[in-house]
Amino acid sequence: MKKMQKIHERMMVAKTPEERAKLMDEQMQAMQQGMAMMNDMEHAHGSMGGAGMRHDIMEKRMDMMQMMMTMMMDRQSAEIAPAAK
């Protein structure tokens with residue numbers, strides 16, 4: 001999640017559309033990797049962990065989903081803003 005946040009911060013201050021597009025691609029890859037990691041954790045711990053562990057995993061997953069939604073909304077704003085100028 002920290003990797004996604006750093007990429008997002010760099011994307012929001014990017015000066016050129018090309019730089020922003022490159023960072024958007026990098027951000028999308030990081031999001032996909034993060035989701036894959038969360039899926040792997042959920043499957044690996046699903047049968048072994050108790051209700052508390054499953055709750056922790058679901059909470060982390062929800063945090064990641066919320067962060068990803070915010071990033072996608074910011075990304076959409078960044079794509080629209082240059083066209084509006």
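Let's start with the fold. The protein chain has three helices and zero strands. Read along the sequence, the pattern is α-α-α. Keep in mind that this is a predicted model.

So how confident is the predictor? The mean pLDDT of the protein chain is 78. At least 70 is reached by 82% of the residues. Now, helix by helix. Which helix has the highest confidence, and which the lowest? Helix α1, residues 2-12, comes out highest, at 85. Helix α3, residues 51-84, is lowest, with a mean of 76.

Next, the chain as a whole. It has 85 residues, and 27% of them are buried. The accessible surface is about 6,100 Å². Carbon and sulfur atoms account for 58% of that surface. Then the contacts. Take those in the protein chain with a separation of 6 or more: 59% of them join residues 24 or more positions apart.

Where is E26 found? In helix α2, which covers residues 17-46. E26 has a relative accessible area of 26%. Buried would need under 20%, and exposed over 50%. E26 lies in between, so it counts as partly exposed.

What does E26 touch, leaving out residues up to four places away in sequence? I7 and R10. Look at I7 for a moment. I7 and E26 are 19 residues apart along the chain. Their C-alpha atoms are separated by 7.4 Å. Both contact partners, I7 and R10, fall within the residue range 2-12 of helix α1.

Notes
Residues numbered from 1 in each chain as written. Predicted model: local features only at pLDDT ≥ 70, side-chain atom pairs only at ≥ 80, totals over all residues. Heavy atoms only, no water. Helix = DSSP H or I, 4+ residues; strand = E, 2+ residues; numbered from the N terminus. Buried < 20%, exposed > 50% of the residue type's maximum accessible area, 1.4 Å probe, protein only. Contact = heavy atoms within 4.5 Å. Areas by Shrake-Rupley, 256 points an atom, 1.4 Å probe, with all protein chains shown as cover. pLDDT = per-residue confidence, 0-100.
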